[in-house]
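Subject: Structure handover

Hello,

Here is the structure I promised to pass on. Please open it first, then read my notes below.

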Amino acid sequence: MNIREIEYITIPVSNLEISLRFYHEVFDLQIVDLPNGDKGADLRKMFLDFRQVDNVSNPISFGLIAKDSMEAIKAH
C-alpha cells in the first residue's frame with residue numbers, strides 16, 4: 001500500500017477550550033474552523049481536528065491519502 005500523506009488526525013479531548021489554547025500557546029499552531037464544524041490546528045498539508053467528547057477513552061482517528069485504489073487497499 002502506498003500512503004502519500006496523512007490528511008487529518010482527530011483528537012478526542014475532554015475540554016476543547018483548554019486543548020485549543022494549549023496547542024496554540026505551546027506549539028504556536030493556528031486554530032481554524034474546519035469544514036465539518038469542528039475546531040482544528042492548521043499544519044499546512046494536514047490538520048489536527050479537536051473533538052470534545054464526554055469519554056476520552058475513544059481512540060484517535062485519522063485520514064490517509066493513498067496512491068493505490070480502494071480495491072487494492074482493501075485487498076492489502
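Predicted model: local features only at pLDDT ≥ 70, side-chain atom pairs only at ≥ 80, totals over all residues.

Strand pairing

Start with strand S1, residues 3-13. S1 pairs with strand S5, residues 61-66, in the antiparallel sense. Six bridges make up that pairing. To find one of them, go to Glu-5: its bridge partner in S5 is Ile-65.

S1 also pairs with strand S4, which spans residues 47-52. Here the strands run parallel, and six bridges join them. For a landmark, take Pro-12, whose bridge partner in S4 is Arg-51.

When you look at side chains here, remember a general point: in a regular strand they alternate between the two faces of the sheet.

Backbone angles

Most residues other than glycine have a negative phi. Two residues are worth a look on that score.

Asp-28 is not a glycine, yet its phi is positive, at about 55 degrees. Where is Asp-28 found? It sits in the loop between helix H1 (16-27) and strand S2 (30-33). Is Asp-28 buried or exposed? Its relative accessibility is 63%, so Asp-28 counts as exposed; the cut-off for that is over 50%.

Arg-44 also has a positive phi without being a glycine. The value is about 70 degrees. Look for Arg-44 in the loop between strand S3 (39-42) and S4. Arg-44 counts as exposed because its relative accessibility is 81%, against that cut-off of over 50%.

Best wishes

Terms used: Residues numbered from 1 in each chain as written. Heavy atoms only, no water. Pairing = 2+ DSSP bridges. Helix = DSSP H or I, 4+ residues; strand = E, 2+ residues; numbered from the N terminus. Buried < 20%, exposed > 50% of the residue type's maximum accessible area, 1.4 Å probe, protein only.
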